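Subject: Structure handover

Hi,

Here is the structure I promised to pass on to you. Have a look at it first, and then read my notes below.

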Amino acid sequence: MANENAAKKRKVAESTQGRVPALRVKPQDKYKYLIGFDQVMKTEALEGAVPEMYNTPQKCPYGLYAEQLSGTAFTKPRDGNRRVWVYKTRPSAVHDDMTRETGFKLTQKTDKVDPRQRRWLPFPKATDTERVTFLEGLQPYAGAGDPCMKSGVRIYLFACNQSMTEKKHSFYNSDGDMLFVVESGELDVVTELGRMQVRAGEICVVQRGFRFAVDVVGAEPARGYVTEIFDGHFRLPDLGPIGANGLANPRDFLTPVAWYEDVSGAYKVYNKFGGELWSMTQDKSPFDVVGWHGNYAPYKYDLARFCTVNSVSYDHLDPSIFTVLTCQSADPGTAVMDFVIFPPRYMVQRDTFRPPYYHRNCMSEFMGNISGQYEAKATGFLPGAATLHSCMTGHGPDATGFAKASALDTTKPQPPSDTELAFMFETTFMLTLSDYAYSSDVVDKDYKQCWNGLKSHFEK
């Protein structure tokens, strides 16, 4: 019976490969996880690897080394303090000298000022003619601020078809936390604290400092989006009058259990520091944490588990009601970065223009499409594509979308599509572009024309 159930799960997964069943929660993947968000956890790959009571005993179990990774300053107030104690076969300080790397796209500057509405065609997938790892296929599109001042953000798209562990490569980011949105394919994200399987329609977060590698699962190349925040960490948004439940529920976030390998060899570890890329070599795998405890750890989330809140009477509400995660600035309510999704949902508002309204925003809105057709654009915004509507630049539904929504019979509810899933990185920063995003072949030069058919209907 167990084999039959496993076969059924595999059959369901195979039948949906290549598209995201946005309303369908994905079956359990091959790894085990801890459940919850933003809480102290403990996990051991070998029983007893985490010392009782002591963080730094004179002699650690199994001859391990104790090492703390601090995600916040020591004196950060307790409700926001983040750290993890790891028990490793060898300290992270053991490696050869570090050298500066050149030739990687991820270090390209984002300094092109451009307030125009921008849309990019789908980011090209990695092809069989070239083997590309995640680190090699990470392309900056937009950014703002300075990682050395711990203020700002960056946004990338990525495409890869080769696993980093195949080359004995890993990476850690001194500049900030990274949130991954997988659009197609499947990733095995190997981190110091454990492994995560991240599929299309899922996200994961790997925070500042953790060594990790991104592997490609199966024959299908992987593609997706990444945002990097230079200050703070993502947290769940406050629910206010919504109550204690809804949106992204803490129980649906998964943190990997401890996993390690005690393997010798020539391993190369890359480090992003101050916007530059450095590397070092070491003679053992960096994934050597046998046990850990703390509240600073990578995690994943299935976007199909989002509990949507929406108007059931009239008006299209602000997109903030679809916020999955937020990183707040020093000004409460103003985000360094909000991760917002536009999930499948019933639309029932009476006498209402149901698509997103026309808008000028003090925030910058960078959008991506994971699956299906986005509700405000009839054509052009395909999976793997992106748009940017900058601070105070007008945007909204295209002419076709406006005509369709204006003629809609709003006495009838609109059922959700089972494939429609888009998202937005919204930030208070005014984003500037990389050379690639400013002038490459993926720029949709006809984007502005989508509003040309909007005519005046004013009557006195």
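What follows is a short tour of the pocket, the cavities, the cores and a few single residues. Please keep in mind that this is a predicted model.

**The open space**

Of the elements, S3 gives the most, with four residues.

How many cavities of 30 Å³ or more does a search of the whole structure find? There are two.

- The largest cavity has a volume of about 240 Å³. Of its 19 lining residues, Pro356, Glu365, Met367, Tyr374 and His395 are the closest to the centre. Strands S24 (364-371) and S25 (386-389) each supply at least two residues of the lining. By class, that lining has eleven nonpolar, six polar and two charged residues.
- The second largest cavity has a volume of about 60 Å³. Among the residues that line this cavity are Lys88, Arg90, Arg211, Lys284 and Asp288. Its lining counts five charged, three polar and two nonpolar residues.

**The nonpolar cores**

The largest nonpolar core holds 55 residues, and within it Trp120, Leu325, Phe339 and Phe425 touch the most other members. Strand S23 (residues 335-342) gives the most to this core, with six residues. Another core lies apart from it and has 44 residues, including Met41, Phe134, Ala213 and Ala258.

**Helix H2**

Helix H2 spans residues 399-406, and its buried residues are Ala399, Gly401 and Ala405. Why do they count as lying on the same side of H2? Because they cover an arc of only 165° around the axis. The face turned away from that buried side carries the exposed residues Thr400 and Lys404.

**Two residues towards the end of my list**

Ser434 is found in strand S27 (residues 432-434). Is Ser434 buried or exposed? It is buried, because its relative accessible area is 0%, and buried means under 20%. The side chain of Ser434 reaches the backbone nitrogen of Ala437 at 3.1 Å.

Gly453 sits in the segment after helix H3 (435-439). This glycine counts as partly exposed, because its relative accessibility is 43% and the class runs between 20% and 50%. How far is Gly453 from Ala403 in space, C-alpha to C-alpha? The two are 9.7 Å apart, while in sequence 50 residues separate them.

That is everything I wanted to pass on. Happy browsing, and write back with any questions!

Best wishes

Note on methods: Residues numbered from 1 in each chain as written. Predicted model: local features only at pLDDT ≥ 70, side-chain atom pairs only at ≥ 80, totals over all residues. Heavy atoms only, no water. Buried < 20%, exposed > 50% of the residue type's maximum accessible area, 1.4 Å probe, protein only. Arc of directions from axis to C-beta. Core = buried A, V, L, I, M, F, W, Y, C linked by side-chain atoms within 4.5 Å. 1 Å grid on protein atoms, 1.4 Å probe; cavity = no way out; pocket = protein on both sides within 12 Å on 5 of 7 lines; lining within 4 Å. Points joined across faces, edges and corners; volume = space filled by probe spheres on them. Nonpolar A, V, L, I, M, F, W, Y, C, P; charged D, E, K, R; others polar. Polar contact = N/O pair within 3.5 Å; in protein donor to acceptor, adjacent residues only side chain to side chain.
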